[in-house]
Amino acid sequence: MPDNPDSPLQSLRRQLREHLHRHGRRSLGSPFLHALWNLTGPGPRADCLRRVAWHARHQKLTWPTSLGTRYAADLQQAARLHSDLATFTVPLDSLPEDWCQQLEAALVLLAACPDRHAALPVEIAEPDDAP
């Protein structure tokens, strides 16, 4: 289903990028992002974390230190061991139980990405893309 432009994964990617672009660090306090992240399953969350960690693997994290930024740094360090995004995974059992910590890590890493569009690509739905 990730190939479907209207899938929950596409929506999550689109909203993370848009909120960070518009609101910067204040995105972390967005009730909408909190609800979207909380309602999205662990698989799509792990995929977003995997993508942003790999794309930000050589960048400096600039947000204040917290549990979310520590988790982001751990993901970043794990991503440095891989030369290709396809070989890097974030196991579902390694996700912190606190989904707010996961969301913060995703935003911290996305903010550090040199190319946010490449980190979280979003397909645009076309009229013929009926499910």
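A crossing of two helices is left-handed if the near helix is turned anticlockwise from the far one by less than a right angle, and right-handed if clockwise. The model on screen is predicted, so local features need pLDDT of at least 70 and side-chain atom pairs count only at pLDDT 80 or more, while totals for chains, interfaces and linings use all residues. Residues are numbered from 1 along each chain as its sequence is written, and side-chain values use heavy atoms, with hydrogens and water left out.

**Stop one: H3 and H4**

Select residues 42-55, helix H3, and residues 67-79, helix H4. Helices (H or I, at least four residues) are DSSP runs, numbered from the N terminus. H3 and H4 pack with their axes 8 Å apart, at an angle of about 70°. Axes are lines fitted to C-alpha atoms, over the stretch in contact, and angles run from 0 to 180 degrees between N-to-C directions. The pair is therefore roughly perpendicular (angles of 65 to 115 degrees; under 35 is roughly parallel, over 145 roughly antiparallel, the rest oblique). The crossing of H3 and H4 is right-handed. Show Leu49, Ala53 and Trp54 of H3 with Tyr71, Leu75, Gln76 and Ala79 of H4, which make the contact (heavy atoms within 4.5 Å). These residues divide into six nonpolar, one polar and no charged. Ala, Val, Leu, Ile, Met, Phe, Trp, Tyr, Cys and Pro count as nonpolar, Asp, Glu, Lys and Arg as charged, and the others, Gly among them, as polar.

**Stop two: Trp54**

**Stop three: H5 against H3**

Now select residues 99-112, helix H5; the axes of H3 and H5 come within 9 Å and cross at roughly 30°. H3 and H5 are therefore roughly parallel, and their crossing is left-handed. Arg45, Leu49, Val52 and Ala53 of H3 meet residues of H5 including Trp99, Gln102 and Leu110. The contact of H3 with H5 has eight nonpolar, one polar and one charged residues.

Methods. Helices (H or I, at least four residues) and strands (E, at least two) are DSSP runs, numbered from the N terminus.
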